[in-house]
Structure formats: C-alpha cells, structure tokens
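Good morning. I have a few places in one protein model to go through, and I will take them in turn. Please look at the sequence and the structure first.

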Amino acid sequence: MVKESRVDVLIIGAGPSGLMCANALAGAGVDFRIIDNRPVGVAAGQADGIQPRTIEVLQSYGLADSLLKDGAQMYLCAFYNPGPDGGIERTGRAPDVTAPSARYPFKITIDQGSIESLFVESLKSQGISVDRPMAPSSLEISQDPEELLDPSSYPVKVVLDHILPSDDTAEQEIVHAKFVLGADGAHSWVRKTLGFTMDGEQTDYIWGVIDFVPDTNFPDIRNRAAIHSLNGSCMIIPREGDKVRFYLQMSDKDVMDPETGRIDKRKVTAENLINTARKTFYPYEVNQPKEVDWCSIYIIGQRVASNFSKHERVFIAGDACHTHSPKAGQGMNASMNDTHNLGWKLAQVLRGRADISLLKTYELERRKYAQDLIDFDREFSALFSGKPRTSDNEEGVTHEQFLRAFQASGGFSSGIGVHYTPSAIVDTAHQGSAPNIIIGERMLPQIFVRAADARPVDIQDMLPADTRFKLLLFVGLLTPEKLTSVRRLAEEMQLPTSFLQKYGYPTEGKAQSMFDIIPITAGQKDDVNFLDLPLVFRSHWSKVLIDDTDVTGRLGGGAYSRFGIDEKEITIVVVRPDGYVGTIAPSTALESLDKYFGSFLIGKTMNPGE
C-alpha cells in the first residue's frame, strides 16, 4: 500500500528560502513538512553574503546573534584601477553600506551551510527536521474553482519518492496539501512542472569563484574590493576566519574547450584561478594559497519566472524564480526575503483569519522586486565586467562611473530601499501624517526609552516576525487635554464596529493574537506616567515607549521630528508582520483603518465562507 498523508503546507527544497519559510511557519504553529533531495545540506561554498536588511529580518526571528558573532563584517569597499605602470592602484575607498538608515552599517559574510544550520537548529529545537533524501515525481492541482477558493481544502496532490541509498526502487508516498512551496533552486522541478518560463537572458560574462586562505601583500585583502585591471576584473569578499572569496573574470581561452565551444569544467582548478588572480593583481603578489575550501565557475544569467504562483496554491520562491550574478550579493538575501514575505500570509489564511486573496500580494510584491533586482544586476554586472577606461580605450568604465553606480544602488543592494507598491496591504492615503515613515518600506530603526524602566530599545526589536500587526500609537505630549483625546480614542477602538474588535483575534495555542499595540509618547522620561494611558493601550508594562534620550543622553530622542509626526496629533502607524509599514492614519480617520483591515481580514463573527 502506498502511504497517503495530509499536510497544510508542503515545502520542497531545504535551501535558505525553504528553511526561512519552514522557520516562519513553525513559529506560527502551522502544520507543514519540508523535504529535500540532498542527503545532507550544503557543506562549503555557494552563497555567502548577508545584506543589512536581511540581518534585520533574521533578528526579527531571533536568529541574528550567532551570525553577528561568527561572520566577517564588511564595512569598507576599496576600488582599484589600472595605474600608469600597467599594474593596478587604489583609486578610492567608500563605506560598503551607503544606505543612511541601515541599523547594521555592514554586510556579513559566512558560508551558506552556516545560514542553513541556523534554521535547521531552530527547527530542531521545535521538534522538526527536514525529510531527506526525498524528491517529488508528480504534482496535480484540482481544477474545481470552489475547492481552490476554500482554504480548508487540500487541492494539491504530490507524489514523493523516498530516495534509497542503493538502486532499489524508491518508496512512494502521496501527500495531499493545502499549499505547496517550490523552493527547489535554479533548476526547479516545481517551476518546470507548472510550466512557468524563466524570462531574461544569459550574458557572455564567465566568472570563476574560489574560497581560500590567501598569502598576499595586497593591502585591502580584508575589505571588499572591486578591481578593474587590464587583465580582467576581480571582486574580493572577506570571509569568516582567515578565508577570502575571489570572483575572477575569466577569458574564453581559460575555460572553453576549443573543440566543443563549451565550458570545460576540468580547466576550472584552484591553480588556474590563482594564476588568473596573479595577472589581475599585478604588481601585488598572490602566492600559492595555504588552504583552498571550494572553487567553481558560472556564466551570469539574469532571469525572472513568468509567474510566482499557480492559483495561489502552489508558489515558487528563491532561485526557482530569479537568477542573477552573485557579485551583487543578492541571491540568498532575495530568496530568504521571498519566503519571509509569504510565511505570515499563509499562516493567517490557514487560521481562517485572512481571505485567501491575501496570497495574491506575494507575487505582486516579490515579482516586481525580482524584476528590479535583475535591472540593477544587469547594470552592475555590465559595469563590473566592462573593460576599464584607459588612453587606448576611451569607451571603458571610469572609476567615477563605477563609484557613482555603487553608491546610487546602495539602498537597493542593502535591501533597505525595498518598496512595496499600493495594494490591499499597502495603503498610502494618509502618508502625510508621518511623511518620513514611507508606507511600503520597512519600519525605520529608532531608539526609544521604555516608560516603565528607562531602558533604551530599538523599535525594530519590538517588531518580531510573529504574524501580528503592530500598531504604533504616536500619542504625542500627554497634556491633560491630550489624555482626554487618548481616552476617547480608546473608547472608539473598543466599539464592536472598530477593526480592533472585529479582527482582534486573541492568542489561541501557537496562533498569536492579531494585534500588538505599542504607544509612543513625546516628552521627557521624568514627566511621563505610563499608567495614565488607558488599559487597552498597555497590554504590558514593557510596551509603552517615550521619544527621549536614555540616561546617558547618547541614545534615542528626536523621533517625532525625524519622522515628521506632529506631537499635537495622535498618529497610528500600522507595521505588517514582516516589518513593512502597511498604512498610517491620524486618529481622526479610524474608518480608513477599518477599511484597510477589512479588505483582507475575516471578521471574528463571520465564517470564511460567508
């Protein structure tokens, strides 16, 4: 008998994207399984860069500490170009992260295996493991429109093969799932089965990559460095411990088989890559490495999948739906942020608290981001792979041109400038109430002081990725008149017609409550009594904050003016469960919040089918 089982979410692929999703769903108490066709995870090499926004996201799951401790941190980028003697010379240095609002003004580099093990350990602590080695062999989606619209149905049937170590016939299992995620890499079986195409182009740029412990007199070996030489380009990425990664531009003759015109992988040896580096680094020396960890080769392809979802029942994420060059340092970051976007939406739909139409916003938000990523990567790769400008090559890339592109793209490459456009979950109607908190972008980091104990806290640490919407209540200066207005607001929000009552689901088991209210007052810590606030606005003593400096006078303060919020008004900022600002409203426009939440949430008294 073939084993049959049911599951709410089946995740196919346990790379960074699949594991991020698994971790988010586990925290939300969702019933899921995650499978992978590899007997073990990644041992060495592969992706290695964690951008500032991704550090913030991992922090929101409580997973950033070991990365901050163990990874290399890149603060500077050095630029080298051809000098007058034919060798290279340094033409400048700049901060590696140029986005002014970065909470972490650096990138972290660490191998992909360490990132995966972060998630695997987190899952293990919750009694969950990856089923491996296992691969899907067929996938069918029901064509019944009613079944597809009913979130409690199991319209996806997947046949799984348990891959056995010998040549024995694989054991099969049939899984009936409500939702399936294909996070199965650039050669995605799920994507091909759904018939989605990868649209874009392959470039002519061939790059080698090597992870090793270098022996060199190059002065910027522990900084990120962009080298344009007469012998090709190189990107240096310092890694954890003493390791370094080189991305090296290869010429056709270095790697092609002259007979077939194809890449000959046998030519891609550590020795060949180091010889290429020697030519590029002249007059600096690159000696025989002390230790080589991994090396590989790739041709840059820049493509985006035609669709990210089929009937909002089967989704693809990560490399399955976008590929681009590694030097922009986006791959693993884009992949993890795809499923960070999807996880909370699946959880709320499965709980029956959100309409299934919410899942349409996954493709809307992440496909546009992927297109922007490819456009950015195309420009960046062309500049990086282009020949430097010299007296013999007037058309070449100048240092100024490259530096300008590097700095202009800082918001995008760091992940901090990601901007989701208006939709059911991004409403910009009252942007003017807080002009500098951009609706559709992540909530800015800002230190406040807790009213109860004067402890400084970053607002981002009050926004864990726990599927809840955070309501930041900027109540202003608590004058007697203002307190009257605040109490009136509390009464309005307790009316049965208010969104807080209609959609304010309580915590049930592992399913968190829908809303978390965080009041933020103006004024000085000596003058604010947090107990003056109505009980509905202070669920816990640690949740009331003041926009003031800490006891040293060095941390915090100035948030109202920084955000452009009027202290005389009451302003409500809605932060989505993924840390992005969904909408903002003055307390006089509560009906706009009723409309916002009503567009995708299901009221407590209603059944999903009503």
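Let me start with Asn23. Leaving aside neighbours within four places in sequence, Asn23 is in contact with Tyr61, Leu63, Phe119, Ser122, Leu123 and Gln126; contact means heavy atoms within 4.5 Å. Asn23 lies in helix 1, residues 16–27. Helices are DSSP runs of H or I with at least four residues, strands are runs of E with at least two, and both are numbered from the N terminus. Asn23 counts as buried, at 5% relative accessibility. Buried means under 20% relative accessible area, exposed means over 50%, and partly exposed is in between, with a 1.4 Å probe and protein chains only.

Before I go on, a word on the model. It is predicted, so local features need pLDDT of at least 70 and side-chain atom pairs count only at pLDDT 80 or more, while totals for chains, interfaces and linings use all residues. Residues are numbered from 1 along each chain as its sequence is written, and side-chain values use heavy atoms, with hydrogens and water left out.

Next, a helix pair. At what angle do the axes of helix 2 and helix 9 cross? The axes of helix 2, residues 52–60, and helix 9, residues 331–350, come within 10 Å and cross at roughly 40°. Axes here are lines fitted to C-alpha atoms, for helices over the stretch in contact, and angles run from 0 to 180 degrees between N-to-C directions. Helix 2 and helix 9 are therefore oblique to each other. Under 35 degrees counts as roughly parallel, over 145 as roughly antiparallel, 65 to 115 as roughly perpendicular, and the rest as oblique. On the helix 2 side the contact is made by Arg53, Thr54, Val57 and Ser60, and on the helix 9 side by Asn333, Met336, Asn337 and His340.

A nonpolar core is a set of buried Ala, Val, Leu, Ile, Met, Phe, Trp, Tyr and Cys residues joined through side-chain atoms within 4.5 Å. The largest one has 110 residues, and Leu10, Phe499 and Phe597 have the most contacts inside it. Helix 9 gives the largest share of this core, eight residues. Apart from this core lies another, of 50 residues, including Met74 and Phe380. As for Phe499, not counting residues up to four places away in sequence, its contacts include Leu471, Met493 and Phe597.

Now the loop between helix 8 (270–281) and strand 15 (291–305), where Val286 is found. Is Val286 buried or exposed? Val286 is buried, with a relative accessible area of 4%. Among the residues that Val286 touches, beyond four places in sequence, are Asp215, Ile274 and Phe281. Pro283 lies in this loop too, between helix 8 and strand 15. The peptide bond from Tyr282 to Pro283 is cis, with omega near 10°. Another cis bond joins Arg132 and Pro133, with omega about -15°.

Last, two residues with positive phi. His311 has a phi of about 55° although it is not a glycine, and Glu312, also not a glycine, has a phi near 55°. His311 is found in the loop between strand 16 (309–310) and strand 17 (314–316), and Glu312 lies between strand 16 and strand 17 as well. His311 is partly exposed, at 36% relative accessible area, whereas Glu312 counts as buried, at 15%.
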